[in-house]
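This report is meant to be read beside the sequence and the coordinates.

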Amino acid sequence: MIPCEGRQKMPTALIEIDKVSKSFDGGKTQAVEDASVAVGPGEFIVVVGMSGAGKTTLLKFINRLVEPDRGDVRVEGTRVASIDAPTLRRSIGYVFQGIGLFPHMRVGENIAVTTQLLGWGPSAIASRIKEMLDLVGLPQSYAQRFPSALSGGEAQRVSVARALAARPRIVLMDEPFGALDPVTRDALGSAYRQLHDRLGLTTMMVTHDVQEALLLADRIVVMSAGRISAQGTPRELMAGAGNSETAALMAMPKRQAERIASIMQRKDGGAAHG
Amino acid sequence: MQSALALLPDYLSRHVLLSGSAIVLGAALGLPLGLWLVRHPRWRWPALAAASFVQTIPGLALLALFYPLLLALSLFSDKLFGFHLPALGFLPSLLALTLYSMLPILRNAVAGLTGLDPAVMEAASAVGMTDGQRLLRVEMPLAAPVVMAGIRTAAVWTIGAATLSTSVGQTSLGNYIFTGLQTENWVFVLFGCATAAVFAFGVDQLLGLIEAGAARRDRVRILIGVLLMGTGLAAALTPLFAGGPRTYVVGAKNFSEQFILAELISDQLRRVGATSERKDGLGSAVAFRALAASDIDVYVDYSGTLWTNVLERNDTPESAAMLKELTSELSMRFGVTLLGALGFENAYALAMRRDRAAALGVHSIADLAQHAGDLTFGTDLEFLSRPEWTALKNAYGLAFKAQRSYTPTFMYRALEAGDVDVITAFSSDGRIAAQGLEVLTDPKHAIPAYDAVVLIAPRRAQDELLRRALTPLIGKIAVGSMREANFMVDRDTDKASPGQAAQFLARAVGLSAQ
């Protein structure tokens, strides 16, 4: 799918972000500065950091929703800048907090939109819609609904189905579950992690929720003020890898976990008294 | 009512053609421009401000402005390409109405396309749509309701404003309104208003049906709306294609006598087997220029008007000498043929109510000058800016307490009611006798003679058929017959239509033997 021109070396990583920088205000401040990340095939990378840390910008370099000022982004060894943007985007799934289902299209048409752009035949599209509804756990009857008749969680399931319908290898997720209630959010998060493993996807997700990152990620990238301040597995980061800022970020879920554990213990104690 | 209905197919079909073309053209220009403005926000404000500005110009003024513009362009294209661009009628009306229809279309297109949910736009890009695909598959369907609302507004405005195109010589439903107002035929005025309103309402409802269909993605609704609209348009436009060729264009200024004479000329043309088309309600100066540009083929004007306005002379020779010089000057300078005088005069004259004149002892304009400081002067809409008024003022030293302008009909009303003391009457006007008015004499001959003359356009100068049709009228119409015919149309009760008055006039001068 991705043309071979511009291939520089055999990739060890599926996505390579190589020393990219971007400023939205003509250089006064850097949204992303000199950031490098490599994502291996099948990896689940989560980028965390405060609001304005440059996480979303970093993610959008990959499908060219944002173009970097300096540096290179490569997918399967090919510079994305050398690939026609719509063609590139059809091969990469994208799920974001705004969901952005097309309100004038039925759920089925929403799911099928990329396959249609790719010129799939009608029967292939129809069976793919069925498959995708099953995959994200929605009843088949939903294909005929309009997005306005869906709950927030259902809508985000449809948008995951839309992102996966054209069988991409890579999925980009920008705060995908941020607007959902905690229960739905947890359920969708773990459901997606299962899909990731089952379909052999390579996922890069952005979130400001450190706990979500710890629970889902193979590897976490920490950003602050446009720079990458730490990278590592959840275990490494929890164990104190990276700078003090990263440690502070990791301290919160740790503290919460300890508190919850202590509440659980106290409850047991109370039961013993009674 | 019967005579109004008889005119409906012609008026309505032209109205539909004009307003329909203007709306389609407005949309064809406004929608792409709106789209471009969405992509180029820097131009948005200037473009929308310009469109809003056009909208603030009164419709009538916008139409009037296009006339001189096209006249200049027409001269230009005549000289350069030998191509005649009509400055009157359909073209100026179409241009003005198109401009008029663009604002709501443009504004709603921009509002509809910029007001879309940014998340949906981001998703459209992220799933791999090109700019064109995003426009066709997402932006247009989502903006459609707002854009359609703009087209509906434009349609209603344009259909209403198209009635004004009568004043630049385009036949429309406005002909009922303008003719009705001039001849105080309120049935005509109401009929014109009602048909225009019903037409606008119908179009609005059908567009609404299509809009609702588009919003609910209901093909049946869209289809019904489009089909009904299509059949309606086709039905309304049939008379245009069934009417056959219209060979001659007969012009008329905006008062009863002109309507009657234009009818008389059309009847004469029919008698020699020619068909004709009418351009009614032209302004005095517009009519002559339109004739010189061959936008109209024939109309009746008055020697004194041509003398002062066209030749810009301020001496006042007697009638025969003036006619002779006019004939040669108009032919030489404009290629316009003065076929001859009809036989009556329609001079500007000052008139007062007989009782009022007697009380003041006023019988001539010289007497009037003594009392003018206490009197109010009522004029038609153009008199005060005409050279005749300057000549009168200078000759007699007239200075009135107040001056008011009216359409001719309301001017007579104002005199009757005592709102004004003196008016500019026309000597052939039936109301002079009917209202018992005293026409003041002009001892210094400050106002020139106003013989009614038939003028023929340059392109028809050698047209034998036209001459054969019109020569029988020359010298035949006595002022008494004309007054009577005028009064038939102007009187308050038992009003005749200009067509009926023309038949009466033809009988009175012995023309309608058949």
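This is a predicted model: local features need pLDDT of at least 70, side-chain atom pairs count only at pLDDT 80 or more; totals for chains, interfaces and linings use all residues.

Residues are numbered from 1 along each chain as its sequence is written, and chains are lettered from A and ligands numbered from 1 in the order in which they are written.

In chain A, 6 strands form an open sheet of mixed pairing in the order 6-7-8-3-9-10; helices (H or I, at least four residues) and strands (E, at least two) are DSSP runs numbered from the N terminus, and two strands pair if DSSP finds at least two bridges between them. The edges of this sheet are strand 6 and strand 10 (227-232) of chain A, each of which pairs on one side only. Neighbouring strands are turned by 15 degrees against each other on average, direction ignored, where axes are lines fitted to C-alpha atoms, for helices over the stretch in contact, and angles run from 0 to 180 degrees between N-to-C directions. Helix 1 (residues 55-62) of chain A packs on the sheet, touching strands that include strand 6 and strand 9 of chain A, and its direction makes about 150 degrees with that of strand 8 of chain A.

Chain B has 21 helices and 10 strands, and 46% of its 514 residues count as buried; a residue is buried if 20 or more other C-beta atoms, placed from the backbone, lie within 10 Å of its own, exposed if 12 or fewer, and partly exposed in between. In this chain, 5 strands form an open sheet of mixed pairing in the order 7-6-8-5-9, with strand 7 (402-405) and strand 9 (437-439) of chain B at the edges and a twist that averages 35 degrees from one strand to the next. Helix 17 (residues 408-417) of chain B lies across strand 5 (348-353), strand 6 and strand 8 of chain B and runs at about 155 degrees to strand 6 of chain B.

| Strands | Sense | Bridges |
|---|---|---|
| strand 6 and strand 7 of chain A | parallel | 5 bridges |
| strand 9 and strand 10 of chain A | antiparallel | 5 bridges |
| strand 6 and strand 8 of chain B | parallel | 2 bridges |

Within these pairings, Ile92(A) has Ile170(A) as its bridge partner, Met223(A) has Ile228(A), and Gly378(B) stands opposite Ile423(B).

Strand 6 of chain A is largely enclosed by the rest of the structure, because 5 of its 5 residues are buried. Ile92(A), Tyr94(A) and Phe96(A) point one way from this strand, and Gly93(A) and Val95(A) the other way.

The contact between the chains takes 17 residues from chain A and 14 residues from chain B, two residues being in contact if their C-beta atoms, placed from the backbone, lie within 7 Å. On the side of chain A, the elements that give two or more residues are helix 2 (85-90), strand 6 (92-96) and helix 3 (107-117).

Most residues other than glycine have a negative phi. Glu76(A), however, has a positive phi of about 50 degrees, and Glu312(B) one of about 55 degrees. Glu76(A) lies in the loop between strand 4 (70-75) and strand 5 (78-79) of chain A and is partly exposed, with 19 other C-beta atoms within 10 Å. Glu312(B), in the loop between helix 12 (303-310) and helix 13 (319-334) of chain B, counts as exposed because it has 8 C-beta neighbours inside 10 Å.
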